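Hello,

Here is the model I promised to pass on. Have a look, and my notes on how the chains meet follow below.

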There are 2 protein chains.
Amino acid sequence: MAPAFSPLYQQIKSLILRSLQAGEWKPGDTIPSELELAARFKVSQGTVRKAIDELANDNLVVRRQGKGTFVATHAEQHIQYRFLRLLPDSGSLKTQGPAERRIIECRRLRAPADVARQLGLRSGDSVLQVRRVLSFSSTPAILEDIWLPGATFKGLTLETLAHDKGPMYALFEAQFGVRMVRAVETLKAVSADAEMAALLAIQPGHPLLSVERLAYTYNDVPMELRRGLYLTESRHYHNELS
Amino acid sequence: MAPAFSPLYQQIKSLILRSLQAGEWKPGDTIPSELELAARFKVSQGTVRKAIDELANDNLVVRRQGKGTFVATHAEQHIQYRFLRLLPDSGSLKTQGPAERRIIECRRLRAPADVARQLGLRSGDSVLQVRRVLSFSSTPAILEDIWLPGATFKGLTLETLAHDKGPMYALFEAQFGVRMVRAVETLKAVSADAEMAALLAIQPGHPLLSVERLAYTYNDVPMELRRGLYLTESRHYHNELS
DNA sequence: CAGTGGTCTAGACCACACT
DNA sequence: GTGTGGTCTAGACCACTGC
């Protein structure tokens with residue numbers, strides 16, 4: 001048993017993935033052309049092609065005809081936040097102006113048991129916690145707590161976060177070489193308690209959409225836990241099924 | 001301008017899609033082998049292959065090595081409900097016993113304006129409305145209203161629905177030849193009103209996850225509007241991002 | 001065994017972007 | 001024009017299923 005048969009293109013995919021992981025090509029860079037990679041790995045172009053097809057499918061890489069294949073990045077993608085599924089209700093597709101971000105808190109602490117478990121840390125390991133409020137048109141829309149492994153995000157401070165424009169995940173790429181590759185979200189409906197209500201400028205008891213996100217880097221290593229509370233009076237969480 | 005260049009495999013994909021749509025092969029059937037299709041369309045196997053690859057990606061068709069390629073179906077898929085994203089919290093992957101279904105109401109009426117708009121009907125066209133409660137282990141978990149175009153689902157009655165076991169979408173396939181192919185969901189957090197509370201055995205004001213689903217058949221034709229209210233005390237809506 | 005989908009190759013040619 | 005990804009072909013062979 002255990003035939004362990006692995007197609008050649010899967011092996012090539014793994015090799016390319018390893019290079020991505022090792023940072024041989026940075027986010028936004030082009031990777032070598034299909035013919036170059038074919039030569040490097042001593043396989044045909046078609047085999048490399050199939051490997052890259054899968055990487056593109058996984059959103060690790062972006063193909064652009066005539067130009068090349070690029071390492072995917074959370075920066076410079078004209079969509080502001082790749083993982084944010086909250087959209088304005090109004091049928092209008094007008095780009096709701098960029099979110100205004102207010103950081104409430106940013107501190108290091110020993111990981112609570114549940115956070116440690118989800119991030120694959122030992123209980124008590126150092127974590128960085130960020131609490132912030134996102135607003136659109138000066139109206140609060142999201143309150144979220146973010147937990148990051150302290151060891152990986154060593155130099156990260158409130159100042160860095162506060163001065164930064166652009167997606168947080170883009171900053172993670174640039175400053176810490178951490179690329180968020182996929183995420184799993186768990187949604188529930190909850191009632192606002194007094195603290196949440198104050199920060200979101202609503203009444204206690206107001207219904208909120210609770211969105212817990214665990215985001216992963218390469219190799220299914222969890223790297224961020226995010227607990228968000230979304231106001232859904234004039235916005236909604238959008239999802240496509242197939 | 002308007003180069004309108006369309007790869008051959010896309011054209012083949014369209015042709016196969018047309019046959020699926022026309023019911024040349026029924027859900028669960030195998031479609032002709034790649035070589036047969038290649039002969040029929042006078043192209044190489046590789047071209048048919050790429051067409052089928054995309055159809056499989058869209059979940060319209062399922063490949064099974066050594067056996068053939070099958071028309072996807074909502075029946076006989078060992079997952080009970082392909083579009084239901086509500087899972088039990090408990091880490092255990094144990095299959096929560098099948099949902100118990102209680103139909104509260106099933107009637108025909110003239111489509112309200114908003115329902116008509118979403119289903120692409122004229123306001124006042126006949127629609128079938130079904131209201132039901134889904135329970136797990138005798139505990140209510142979901143209250144949902146379902147709207148269907150009256151013309152398409154002509155013979156559908158409460159009796160048919162009540163006596164049927166298995167996914168509703170499977171019944172639609174078998175009885176009306178309607179295959180739900182994809183869906184879009186809109187989520188919000190809301191407070192239970194008196195009516196919802198009574199049906200779900202909770203207190204008014206209890207937070208509920210509102211899930212509005214518009215399900216489509218082939219050609220992006222909307223065929224079902226579903227407004228669900230999910231209890232998320234011990235269950236959650238699960239979503240994967242990439 | 002025959003029949004199916006899955007892999008791999010080698011080469012020709014097309015569409016697109018830049019220079 | 002040159003180089004990139006994208007399409008298409010033809011044929012050989014592999015892996016899985018069921019007779």
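A polar contact here is a pair of N or O atoms within 3.5 Å; within protein, one must be able to donate a hydrogen and the other to accept it, and residues adjacent in sequence count only if both atoms are side-chain atoms. By that rule, 23 residue pairs (both at pLDDT 80 or more) are in polar contact across the interface of chain B and chain A.

This is a predicted model, in which local features need pLDDT of at least 70, side-chain atom pairs count only at pLDDT 80 or more, and totals for chains, interfaces and linings use all residues. Residues are numbered from 1 along each chain as its sequence is written, chains are lettered from A in the order in which they are written, and side-chain values use heavy atoms, with hydrogens and water left out.

In contact terms (heavy atoms within 4.5 Å), 34 residues of chain B touch 34 residues of chain A. The copies meet through the same surface, because 100% of the interface residues of chain B are also interface residues in chain A.

There are two salt bridges between the chains, counted when a side-chain nitrogen of Lys or Arg lies within 4 Å of a carboxyl oxygen of Asp or Glu. One joins the side chains of B:Asp89 and A:Lys188 (2.5 Å, N to O).

Strands (DSSP runs of E, at least two residues, numbered from the N terminus) pair if DSSP finds at least two bridges between them. β8 of chain A (residues 182-191) runs antiparallel to β11(B), with five bridges; A:Ala183 has B:Leu241 as its bridge partner there.

Best wishes

Methods
Helices (H or I, at least four residues) and strands (E, at least two) are DSSP runs, numbered from the N terminus.
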